[in-house]
Amino acid sequence: MKRTKEEAEITKNKILKAAFEVFIKDGYSKARLKEVAKRAGVTRGAIYWHYGDKYKLFISLLNAGFKDYSERILAIIESKGSPLNKIRKLIREPLISILKDEKYYAGVVLYSLKMEFTEEKKKQWQMLQKQQEQIQKRLISIPEASHWLRTVIRDLIKDGIRKGEIRSDINPELASLVLMSYIDGVQSRFLTEPEAFKEKGIVDSLVEFVIT
(Lines give C-alpha, C1' and ligand atoms only; values in the text may rest on other atoms or scores of the structure.)
Protein backbone atom coordinates (compact mmCIF):
# COMPACT_ATOMS: atom_id res chain seq x y z
CA MET A 1 0.00 0.00 0.00
CA LYS A 2 2.80 2.41 0.93
CA ARG A 3 4.52 1.69 -2.35
CA THR A 4 1.30 2.39 -4.25
CA LYS A 5 0.87 5.76 -2.53
CA GLU A 6 4.46 6.71 -3.26
CA GLU A 7 4.05 5.79 -6.91
CA ALA A 8 0.82 7.81 -7.10
CA GLU A 9 2.58 10.87 -5.67
CA ILE A 10 5.41 10.51 -8.18
CA THR A 11 2.89 10.30 -11.01
CA LYS A 12 0.95 13.33 -9.74
CA ASN A 13 4.14 15.41 -9.48
CA LYS A 14 5.18 14.39 -13.00
CA ILE A 15 1.78 15.46 -14.30
CA LEU A 16 1.96 18.82 -12.51
CA LYS A 17 5.46 19.49 -13.85
CA ALA A 18 4.39 18.61 -17.38
CA ALA A 19 1.18 20.63 -17.06
CA PHE A 20 3.12 23.70 -15.99
CA GLU A 21 5.39 23.41 -19.02
CA VAL A 22 2.42 23.07 -21.38
CA PHE A 23 0.39 25.90 -19.84
CA ILE A 24 3.42 28.19 -19.87
CA LYS A 25 4.09 27.38 -23.52
CA ASP A 26 0.54 27.43 -24.87
CA GLY A 27 -1.58 29.33 -22.35
CA TYR A 28 -4.74 27.91 -20.85
CA SER A 29 -6.98 28.03 -23.91
CA LYS A 30 -4.61 26.26 -26.30
CA ALA A 31 -3.15 23.77 -23.81
CA ARG A 32 -4.09 20.14 -24.48
CA LEU A 33 -4.14 17.25 -22.03
CA LYS A 34 -2.73 15.04 -24.77
CA GLU A 35 0.46 17.12 -24.71
CA VAL A 36 0.57 17.07 -20.90
CA ALA A 37 0.26 13.28 -20.90
CA LYS A 38 3.01 12.94 -23.50
CA ARG A 39 5.43 15.10 -21.52
CA ALA A 40 4.62 13.34 -18.27
CA GLY A 41 4.90 9.89 -19.81
CA VAL A 42 1.39 8.90 -18.69
CA THR A 43 -1.99 8.34 -20.29
CA ARG A 44 -4.74 10.95 -20.39
CA GLY A 45 -6.68 8.55 -18.20
CA ALA A 46 -4.07 9.01 -15.47
CA ILE A 47 -4.57 12.77 -15.63
CA TYR A 48 -8.35 12.41 -15.33
CA TRP A 49 -7.90 9.96 -12.44
CA HIS A 50 -5.59 12.19 -10.41
CA TYR A 51 -6.80 15.67 -11.34
CA GLY A 52 -9.96 15.56 -13.44
CA ASP A 53 -10.28 17.77 -16.51
CA LYS A 54 -8.00 20.53 -17.78
CA TYR A 55 -9.71 23.18 -15.68
CA LYS A 56 -9.21 21.23 -12.44
CA LEU A 57 -5.61 20.46 -13.37
CA PHE A 58 -4.96 24.16 -13.83
CA ILE A 59 -6.51 24.88 -10.44
CA SER A 60 -4.29 22.24 -8.86
CA LEU A 61 -1.25 24.00 -10.28
CA LEU A 62 -2.34 27.34 -8.86
CA ASN A 63 -3.22 25.80 -5.52
CA ALA A 64 0.24 24.24 -5.31
CA GLY A 65 1.79 27.58 -6.17
CA PHE A 66 0.01 29.67 -3.55
CA LYS A 67 -0.37 27.25 -0.62
CA ASP A 68 3.05 27.71 1.02
CA TYR A 69 2.94 31.45 0.38
CA SER A 70 -0.46 31.69 2.05
CA GLU A 71 0.87 29.86 5.07
CA ARG A 72 3.78 32.27 5.38
CA ILE A 73 1.46 35.28 5.17
CA LEU A 74 -0.74 33.84 7.91
CA ALA A 75 2.28 33.12 10.08
CA ILE A 76 3.31 36.79 9.86
CA ILE A 77 -0.17 37.99 10.76
CA GLU A 78 -0.45 35.62 13.71
CA SER A 79 3.06 36.31 15.02
CA LYS A 80 3.98 38.63 17.86
CA GLY A 81 5.50 41.97 16.99
CA SER A 82 4.77 45.62 16.40
CA PRO A 83 2.28 46.70 13.73
CA LEU A 84 4.99 48.46 11.72
CA ASN A 85 7.26 45.42 11.78
CA LYS A 86 4.41 43.21 10.60
CA ILE A 87 3.69 45.62 7.75
CA ARG A 88 7.35 45.41 6.73
CA LYS A 89 7.17 41.63 6.67
CA LEU A 90 3.88 41.60 4.76
CA ILE A 91 5.37 43.83 2.07
CA ARG A 92 8.57 41.80 1.98
CA GLU A 93 6.97 38.36 1.68
CA PRO A 94 5.35 38.75 -1.77
CA LEU A 95 8.55 40.30 -3.12
CA ILE A 96 10.90 37.67 -1.71
CA SER A 97 8.51 34.89 -2.70
CA ILE A 98 8.43 35.81 -6.38
CA LEU A 99 12.24 35.87 -6.34
CA LYS A 100 12.90 32.74 -4.27
CA ASP A 101 9.81 30.50 -4.28
CA GLU A 102 9.57 28.65 -7.58
CA LYS A 103 6.03 27.41 -6.90
CA TYR A 104 4.75 30.88 -6.05
CA TYR A 105 6.49 32.35 -9.10
CA ALA A 106 4.87 29.68 -11.25
CA GLY A 107 1.46 30.46 -9.79
CA VAL A 108 1.84 34.18 -10.43
CA VAL A 109 3.02 33.61 -14.00
CA LEU A 110 0.20 31.18 -14.75
CA TYR A 111 -2.50 33.40 -13.32
CA SER A 112 -1.16 36.73 -14.55
CA LEU A 113 0.09 35.81 -18.00
CA LYS A 114 -1.39 32.48 -19.07
CA MET A 115 -5.06 32.78 -18.15
CA GLU A 116 -6.72 34.46 -21.11
CA PHE A 117 -10.22 34.55 -19.65
CA THR A 118 -11.84 36.74 -16.99
CA GLU A 119 -14.97 34.87 -15.97
CA GLU A 120 -13.00 31.69 -15.50
CA LYS A 121 -10.60 33.51 -13.17
CA LYS A 122 -13.49 34.28 -10.85
CA LYS A 123 -14.69 30.67 -10.96
CA GLN A 124 -11.19 29.39 -10.34
CA TRP A 125 -10.65 31.58 -7.29
CA GLN A 126 -14.01 30.53 -5.88
CA MET A 127 -13.13 26.87 -6.25
CA LEU A 128 -9.75 27.43 -4.61
CA GLN A 129 -11.43 29.13 -1.69
CA LYS A 130 -13.75 26.18 -1.14
CA GLN A 131 -10.86 23.74 -1.32
CA GLN A 132 -8.84 25.72 1.16
CA GLU A 133 -11.70 26.12 3.59
CA GLN A 134 -12.27 22.37 3.54
CA ILE A 135 -8.61 21.61 4.12
CA GLN A 136 -7.65 24.18 6.73
CA LYS A 137 -10.56 26.48 7.57
CA ARG A 138 -8.17 29.35 8.25
CA LEU A 139 -6.20 29.55 5.00
CA ILE A 140 -6.21 32.84 3.11
CA SER A 141 -9.31 33.46 1.01
CA ILE A 142 -7.67 33.41 -2.40
CA PRO A 143 -10.62 34.81 -4.40
CA GLU A 144 -10.12 38.17 -2.75
CA ALA A 145 -6.53 37.72 -1.59
CA SER A 146 -5.29 41.14 -2.63
CA HIS A 147 -8.24 42.94 -1.05
CA TRP A 148 -7.96 40.77 2.06
CA LEU A 149 -4.27 41.55 2.49
CA ARG A 150 -4.93 45.25 1.97
CA THR A 151 -7.52 45.12 4.75
CA VAL A 152 -5.00 43.45 7.05
CA ILE A 153 -2.38 46.12 6.28
CA ARG A 154 -4.97 48.88 6.75
CA ASP A 155 -5.85 47.58 10.21
CA LEU A 156 -2.18 47.28 11.12
CA ILE A 157 -1.67 50.90 10.07
CA LYS A 158 -4.56 51.95 12.33
CA ASP A 159 -3.02 49.97 15.18
CA GLY A 160 0.36 51.53 14.48
CA ILE A 161 -1.14 55.01 14.64
CA ARG A 162 -2.79 54.21 17.98
CA LYS A 163 0.54 52.98 19.35
CA GLY A 164 2.48 55.97 18.05
CA GLU A 165 4.57 53.96 15.56
CA ILE A 166 2.99 55.58 12.52
CA ARG A 167 2.21 59.26 11.93
CA SER A 168 -1.31 60.25 12.90
CA ASP A 169 -1.84 62.19 9.65
CA ILE A 170 -1.57 58.98 7.58
CA ASN A 171 -4.82 57.86 5.96
CA PRO A 172 -4.94 54.05 6.58
CA GLU A 173 -7.27 53.39 3.66
CA LEU A 174 -5.15 55.26 1.13
CA ALA A 175 -1.86 54.07 2.61
CA SER A 176 -2.89 50.41 2.39
CA LEU A 177 -3.99 50.96 -1.21
CA VAL A 178 -0.61 52.50 -2.05
CA LEU A 179 1.28 49.64 -0.40
CA MET A 180 -0.71 46.95 -2.21
CA SER A 181 -0.29 48.80 -5.50
CA TYR A 182 3.45 48.91 -4.83
CA ILE A 183 3.60 45.16 -4.16
CA ASP A 184 1.58 44.37 -7.29
CA GLY A 185 3.65 46.76 -9.37
CA VAL A 186 7.01 45.37 -8.23
CA GLN A 187 5.87 41.81 -8.92
CA SER A 188 4.64 42.77 -12.38
CA ARG A 189 7.93 44.52 -13.09
CA PHE A 190 9.84 41.39 -12.09
CA LEU A 191 7.84 39.35 -14.59
CA THR A 192 8.80 41.70 -17.41
CA GLU A 193 12.31 42.74 -16.28
CA PRO A 194 13.80 40.05 -13.98
CA GLU A 195 17.37 41.13 -14.70
CA ALA A 196 16.71 44.41 -12.84
CA PHE A 197 16.29 42.47 -9.58
CA LYS A 198 19.73 40.88 -9.37
CA GLU A 199 21.18 43.44 -6.99
CA LYS A 200 22.09 42.00 -3.59
CA GLY A 201 19.60 42.87 -0.86
CA ILE A 202 17.17 44.40 -3.33
CA VAL A 203 14.05 43.16 -1.54
CA ASP A 204 14.95 44.83 1.74
CA SER A 205 15.85 47.99 -0.15
CA LEU A 206 12.50 47.98 -1.92
CA VAL A 207 10.66 47.49 1.36
CA GLU A 208 12.49 50.31 3.14
CA PHE A 209 12.06 52.57 0.12
CA VAL A 210 8.28 52.49 0.48
CA ILE A 211 7.94 52.10 4.25
CA THR A 212 10.20 54.95 5.39
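This is a predicted model: local features need pLDDT of at least 70, side-chain atom pairs count only at pLDDT 80 or more; totals for chains, interfaces and linings use all residues.
Let me begin with the chain as a whole. Read from one end of the sequence to the other, its pattern is α-α-α-α-α-α-α-α-α-α. The protein chain contains 212 residues, of which 43% count as buried. Among its contacts with a separation of 6 or more, 66% are between residues 24 or more positions apart.

I turn next to the interior. In soluble globular proteins, nonpolar side chains tend to be buried together. In this model, the largest nonpolar core has 57 residues. Which of them touch the most other members? They are Phe 23 and Leu 57. Helix H4, which covers residues 54–78, gives the most to this core, namely 10 residues. If we set aside its neighbours within four places in sequence, Leu 57 is in contact with Ile 15, Leu 16, Ala 19, Phe 23, Leu 33, Val 36, Ile 47 and Tyr 51.

Helix H5, residues 83–100, packs against helix H6, residues 102–113, at an angle of about 95 degrees, and their axes are 6 Å apart. Because angles of 65 to 115 degrees count as roughly perpendicular, H5 is roughly perpendicular to H6. On the H5 side, the contact is made by Pro 94, Ser 97, Ile 98 and Lys 100, while H6 contributes Glu 102, Tyr 104, Tyr 105 and Val 108.

Tyr 104, Tyr 105, Val 108, Val 109, Ser 112 and Leu 113 of H6 meet Gln 187, Phe 190 and Leu 191 of H9. This contact of H6 with H9 holds 7 nonpolar residues, 2 polar and no charged.

Finally, let us consider charge. Side chains of opposite charge can pair when their charged atoms come close. How many salt bridges does the structure hold? There are 16. One of them joins the side chains of Arg 150 and Glu 173, at 3.1 Å from N to O. Arg 150 belongs to helix H8, residues 145–162, and Glu 173 to helix H9, residues 172–192, so this pair ties together parts that are 23 residues apart in sequence. Is Arg 150 buried or exposed? Since buried means under 20% relative accessible area, Arg 150 counts as buried at 17%. Glu 173, by contrast, is partly exposed, at 36%.

Other pairs can be found along the chain. The side chains of Asp 155 and Arg 154 meet in a salt bridge of 3.2 Å, N to O, and Asp 155 is partly exposed, with a relative accessible area of 35%. Asp 169 forms a salt bridge with Arg 167, where the closest N and O atoms are 2.9 Å apart. Here Asp 169 counts as exposed at 56% relative accessibility, and Arg 167 counts as exposed at 54%. Lastly, Lys 17, Glu 21, Glu 35 and Arg 39 are linked in a network of salt bridges. Thank you for your attention.

Technical notes:
Residues are numbered from 1 along each chain as its sequence is written. Side-chain values use heavy atoms; hydrogens and water are left out. Axes are lines fitted to C-alpha atoms, for helices over the stretch in contact, and angles run from 0 to 180 degrees between N-to-C directions. Helices (H or I, at least four residues) and strands (E, at least two) are DSSP runs, numbered from the N terminus. Angles under 35 degrees count as roughly parallel, over 145 as roughly antiparallel, 65 to 115 as roughly perpendicular and the rest as oblique. Contact means heavy atoms within 4.5 Å. A salt bridge is a side-chain nitrogen of Lys or Arg within 4 Å of a carboxyl oxygen of Asp or Glu. Buried means under 20% relative accessible area, exposed over 50%, partly exposed in between (1.4 Å probe, protein chains only). A nonpolar core is a set of buried Ala, Val, Leu, Ile, Met, Phe, Trp, Tyr and Cys residues joined through side-chain atoms within 4.5 Å. Ala, Val, Leu, Ile, Met, Phe, Trp, Tyr, Cys and Pro count as nonpolar, Asp, Glu, Lys and Arg as charged, and the others, Gly among them, as polar.
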